Every structure is written in C-alpha cells, then in structure tokens.
Amino acid sequence: LAMEPLKVRRIAVNGALGRGVYAKDVILEIIRRLGVKGGSGYAYEYAGDTIERMSMDERMTICNMSIEGGARVGYVNPDRTTFEYLRGRPHAPQASDFATAVRWWSSMASDADAVYADDVRIDGSSIRPTVTWGINPEQSVYIDERLPRPGDGGAAERTGIEEALEFMGFRAGDPIAGTRIDVAFVGSCTNARLSDLREAARIVRGRHVAGHVRALVVPGSQGVREAAEREGLHNVFTEAGFEWRGAGCSMCLAMNTD
C-alpha cells in the first residue's frame, strides 16, 4: 500500500514571551490549541521570531514534544544558533569542513516561498505560565485559570474532561492555583537540560521544600548532570531539600525507583 505523503504545518510564534513563560509553555499552548491528535499526518515546522530567539535547549524542548501533539516530526530550520551550537563539538566537522557543512545545512532550510499544507500563527506575548491538569498534554490551563467543566466542549471533550477530573480527584471549575502537591519533580527529556536546571536552581536558592513534599531533580543526561555539578547546582537543590538523582528517564515515564 502506498503511504500518504507527509504534510507540513508551519507554526509561527511571534512576540516576546512574558515573565515566567518558557519553551514548555509554548509547546503546551500549541498542543492545547491543536490537540494531541492534531498533528496526525503532519510534520511541524516551528518558526517566527519567538522561536528564532530561542536557544537550542529551548528548541529541543518544543521539537521533542511534537509527538505529544500527534505530529510525526517537529523541526526548526537550521540557522546561526544551530551552527554555533554544533561548532567545536566532538562529532561535528572541524576546521574548513565545518564551513562546508554549514553551507549544506543551510540548504536544508525551507525556501522563503515554500507552500505549506497549513499555517498556524500564535501570539507569543499572549501565552501565560501553563500547567497540565489532566491525563494528556492537551488538558492544560494557564495558572490563573480554572479547571474546565464537562459542558465546556463537545461530547468527546465532555467524556475526556469527566474522566480526567475523576482520575485526578479535581472538581470542575476550581482554580488550579493553590492546588496542594505531594511531589515536586524537575526532570524529563524536555525539561531537564542545563538551562532548565539553572532556572530551577535560581528559584529554589535560599528556600526549602515543604515538609510534606517529596522533591527530586533528575538531569536529562549524564552530560547535563556533570555540567550541573561543575556549576554547583546540585548543592543548591540538596540544600533546598531536593533529592539529586541519577540522569535519565524518571517519573514522567514511570521508570526506576523514582
């Protein structure tokens, strides 16, 4: 059987992100708008000045969660940020070969007049800090919003909302802010890069985890763990009452003793 060709949806995010808004909030906004099955049959191309200003860490966070939005693949066109990230890395081309590689990588970028199967535009300045409340990443709200009511959507959405509220033990219409937590987990492949750990350490420095909360940090890779320890970030977390765990998958995948 012949496979249907993969379509490309361009998702352009423009505007300055507000205080407390990060790459994870951006991809959750996209999934909230388009749905966990919205990307079926699509590749997602992320573009716009918001994306262009992002570091490679931030771009990886967004691209890595394309699959949670149903897309086969997600990518950002190669640019100067990409090239500088690769320059000097052990397995990257070296010396004059690097310039040759840059020309080749540049040729992979979409043409300025490329035609897309779909074009989505999002105002990045309108995105607020976001938290998922349910049983899939489409079920999210801004932290100053209330949980949805089953009657807010169609029949399929009503069933999903009812199931998620029951599973999570939440009440429809309640504010998400102030929800009691039992575990604080800093980790996952999308949110345990060095830049994430630096930001989390900045927030917890000088504070301490509440007595009833188990808190743990799981770096996304051995390289991230080593880099964080060189900066002393592990000490910031342990002094605040967090467990500094081994690198890799953890609570988001329900793995290991975590």
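Residues are numbered from 1 along each chain as its sequence is written, and side-chain values use heavy atoms, with hydrogens and water left out. In this predicted model, local features need pLDDT of at least 70, side-chain atom pairs count only at pLDDT 80 or more, and totals for chains, interfaces and linings use all residues.

**Exercise 1. Describe the second largest pocket and its lining.**

Step 1. On a 1 Å grid over the protein atoms alone, a pocket is an open set of points with protein on both sides within 12 Å along at least five of seven lines, and a cavity is a set where a 1.4 Å probe fits but cannot get out; lining residues have an atom within 4 Å of a point. Points are joined across faces, edges and corners, and a volume is the space filled by probe spheres set on the points.

Step 2. The volume of the second largest pocket is about 360 Å³.

Step 3. Its lining has 16 residues, and W133, E138, Q139, E157 and I161 lie nearest the centre.

Step 4. Helices (H or I, at least four residues) and strands (E, at least two) are DSSP runs, numbered from the N terminus. Two or more lining residues come from each of β6 (140-142) and α6 (155-168). α6 gives the most, with 4 residues.

Step 5. Ala, Val, Leu, Ile, Met, Phe, Trp, Tyr, Cys and Pro count as nonpolar, Asp, Glu, Lys and Arg as charged, and the others, Gly among them, as polar. By these classes the pocket lining has 5 nonpolar, 5 polar and 6 charged residues.

**Exercise 2. Find the cavities of 30 Å³ or more and state what lines the largest cavity.**

Step 1. A search of the whole structure gives 1 cavity of 30 Å³ or more. The largest cavity holds about 30 Å³ of space.

Step 2. Its lining consists of I27, I30, I31, L34, G35, Y44, Y46, M65, S66 and G69.

Step 3. α1 (23-34) and β2 (42-47) are the elements that give two or more residues to this lining. The largest share, 4 residues, is from α1.

Step 4. The lining of the largest cavity has 7 nonpolar, 3 polar and no charged residues.

**Exercise 3. Locate the buried residues of α7 and α8 around each helix axis.**

Step 1. Buried means under 20% relative accessible area, exposed over 50%, and partly exposed in between (1.4 Å probe, protein chains only). The arc is that of the directions from the helix axis to the C-beta atoms.

Step 2. L194, L197, A200, A201 and V204 are buried in α7. They cover an arc of only 125° around the axis, which puts them on the same side of α7.

Step 3. Contact means heavy atoms within 4.5 Å. The cover over the buried residues of α7 includes α3 (56-64), β7, β8, α8, α9 and β9.

Step 4. In α8 (residues 222-230), V224, A227 and A228 are buried. These fall within an arc of 100° seen down the axis, so they line one face of α8. Their cover includes α7 (194-204), α9 (233-239) and β9.

**Exercise 4. Give the strand order of the open sheet of 3 strands.**

Step 1. Two strands pair if DSSP finds at least two bridges between them. The order is β7-β8-β9, with parallel pairing.

Step 2. β7 (183-186) and β9 (243-244) stand at the edges with a single partner strand each, so one side of each has no neighbour in the sheet.

Step 3. β7 is joined to β8 (residues 214-217) by 4 bridges. V183 stands opposite R214 in β8.
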